[in-house]
Amino acid sequence: MKTTPKIIVGFLSLGLFAFADSSADQLQQAQNKLNECDYAGAACILDGVIRTTPDLAEGYFMRATVREKQRDSIGALVDYADAIKLNVSEPRYYFARGSLLARLDRYSEAVADLNNVVALRQVDYAGYQKRGEAQLGAGNFASAIGDFETAIKLNPKAIGAYFLRSQTLLSMDKTDAALASADEAIQLFPKSAAAFHERSKIKSALKDRENALADLDQTIHLAPDEAAYYKERAYLRAALGDGEGAQTDVEKYNLLVRANRSRPNLQLADSSR
């Protein structure tokens with residue numbers, strides 16, 4: 001049979017589609033490994049994807065995610081850079097790298113990446129909230145407040161933005177505004193243990209320990225199985241001179257974490273800190 005140019009093009013097209021399908025399948029396999037916390041297995045698959053399709057941005061992005069899980073921040077940043085170089089219009093890549101840079105205390109670089117997220121995805125609250133976190137870390141409090149306000153406007157249910165706004169206001173020594181922000185979060189999310197916990201932390205910072213304890217009591221009422229809250233309340237009770245209550249919380253904390261040996265037992269002496 002004579003092979004015409006049209007047939008050759010057809011064969012090439014089929015081959016390219018098969019190649020793309022193969023890469024997509026491998027990316028899904030890597031994602032499955034990632035979901036199973038088999039990071040070495042995911043990395044091995046992604047190494048192969050990148051070897052066979054070096055221009056596939058998603059391969060680098062996924063491998064960067066795996067490297068973060070493996071605590072290889074430098075390797076992750078290299079892969080994020082390659083992903084962005086191949087696809088400069090994907091906000092997920094900037095968001096992930098900006099988040100990592102913020103965790104590494106490289107706040108100005110994080111803000112630069114998150115500026116791109118906001119530019120590419122203007123109606124998504126998450127970019128503003130994450131940029132606000134980076135601004136907060138950098139000490140740019142006014143800019144952080146602006147981002148948190150925008151995040152709340154775009155998504156009034158973004159509870160984390162309320163907490164971050166409260167923390168920023170407290171850092172600015174605007175204690176009344178910080179408490180008002182925490183009060184607003186509780187009004188909007190009255191069944192949120194985290195909302196009461198956030199206000200408790202603010203009151204503790206202001207040395208208003210009795211009211212902080214009342215909020216922490218409500219926190220534990222709403223989330224009775226969260227060990228960390230009992231540990232925190234033990235410290236508060238000890239500071240208020242309630243040794244018996246502190247001991248009760250210590251015992252409850254140890255009971256809840258006994259199955260998780262990665263957390264050490266809490267001793268009553270520790271709760272006096």
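Glu133 and Lys130 are three residues apart in helix H7 (residues 125-138), which means that about one helical turn separates them. An α-helix has 3.6 residues a turn, so residues three or four places apart point the same way. In the predicted model examined here, the side chains of Glu133 and Lys130 meet in a salt bridge, with a distance of 3.5 Å from N to O. Glu133 counts as partly exposed, because its relative accessibility is 29% and thus falls between the limits of 20% and 50%.

The chain as a whole contains 14 helices and zero strands. Read from the N terminus, its elements accordingly form the series α-α-α-α-α-α-α-α-α-α-α-α-α-α. Of the 273 residues of the chain, 40% count as buried. The accessible surface of the chain amounts to about 14,900 Å², and carbon and sulfur atoms contribute 53% of this surface. Among contacts between residues at least 6 apart in sequence, 45% join residues that are at least 24 apart.

Salt bridges were then considered for the whole model. The count comes to 23 salt bridges. One of them is formed by Asp47 and Arg63, whose closest N and O atoms are 2.9 Å apart. Asp47 belongs to helix H2 (residues 39-52) and Arg63 to helix H3 (residues 57-69), so this pair ties together parts that are 16 residues apart in sequence. Arg63, with a relative accessible area of 13%, is buried, because buried means under 20% relative accessible area. Asp47 and Arg63 are also members of a network of salt bridges, in which they are linked with Arg67, Asp72 and Asp79.

A further salt bridge joins the side chains of Asp183 and Arg199, with an N to O distance of 2.8 Å. Asp183 lies in helix H10 (residues 175-188), whereas Arg199 lies in helix H11 (residues 193-205), so the pair ties together parts that are 16 residues apart in sequence. Asp183 is partly exposed, as its relative accessible area is 30%. Arg199 is buried, with a relative accessible area of 15%.

Helix H3 has 13 residues. From its first C-alpha to its last, H3 reaches 19 Å, close to the 18 Å expected at 1.5 Å a residue. The buried residues of H3 are Ala57, Gly59, Tyr60, Phe61, Met62, Arg63, Ala64 and Val66. Arg63 in this list is the residue that forms a salt bridge with Asp47. H3 is followed by Arg71, which has a positive phi near 65°.

Helix H14 consists of 15 residues (residues 243-257) and should therefore span 21 Å at 1.5 Å a residue. Its end C-alpha atoms are 21 Å apart, in agreement with that expectation. Within H14, the residues Gly245, Ala246, Asp249, Val250, Tyr253, Asn254 and Val257 are buried. The buried residues of H14 pack against helix H13 (227-239).

Positive phi values were also found in loops. Asp173 has a positive phi of about 65°, although Asp173 is not a glycine. This residue lies in the loop between helix H9 (159-171) and H10. With a relative accessibility of 65%, Asp173 counts as exposed, because exposed means over 50%. Lys207 likewise is not a glycine and has a positive phi of about 65°. The position of Lys207 is in the loop between H11 and helix H12 (209-222). Lys207 is exposed, with a relative accessible area of 60%.

Finally, the cysteines were considered. A disulfide is a covalent bond between the sulfur atoms of two cysteines. A search of the whole structure finds zero disulfides. Cys37 has a relative accessible area of 51% and is exposed. Cys44, at 55% relative accessibility, also counts as exposed.

Notes
Residues are numbered from 1 along each chain as its sequence is written. This is a predicted model: local features need pLDDT of at least 70, side-chain atom pairs count only at pLDDT 80 or more; totals for chains, interfaces and linings use all residues. Side-chain values use heavy atoms; hydrogens and water are left out. Helices (H or I, at least four residues) and strands (E, at least two) are DSSP runs, numbered from the N terminus. The expected span of a helix is 1.5 Å times one less than its number of residues. Buried means under 20% relative accessible area, exposed over 50%, partly exposed in between (1.4 Å probe, protein chains only). Contact means heavy atoms within 4.5 Å. A salt bridge is a side-chain nitrogen of Lys or Arg within 4 Å of a carboxyl oxygen of Asp or Glu. Accessible areas come from the Shrake-Rupley method with a 1.4 Å probe; for residues, only the protein chains shown count as cover. A disulfide is a pair of cysteine sulfur atoms within 2.5 Å.
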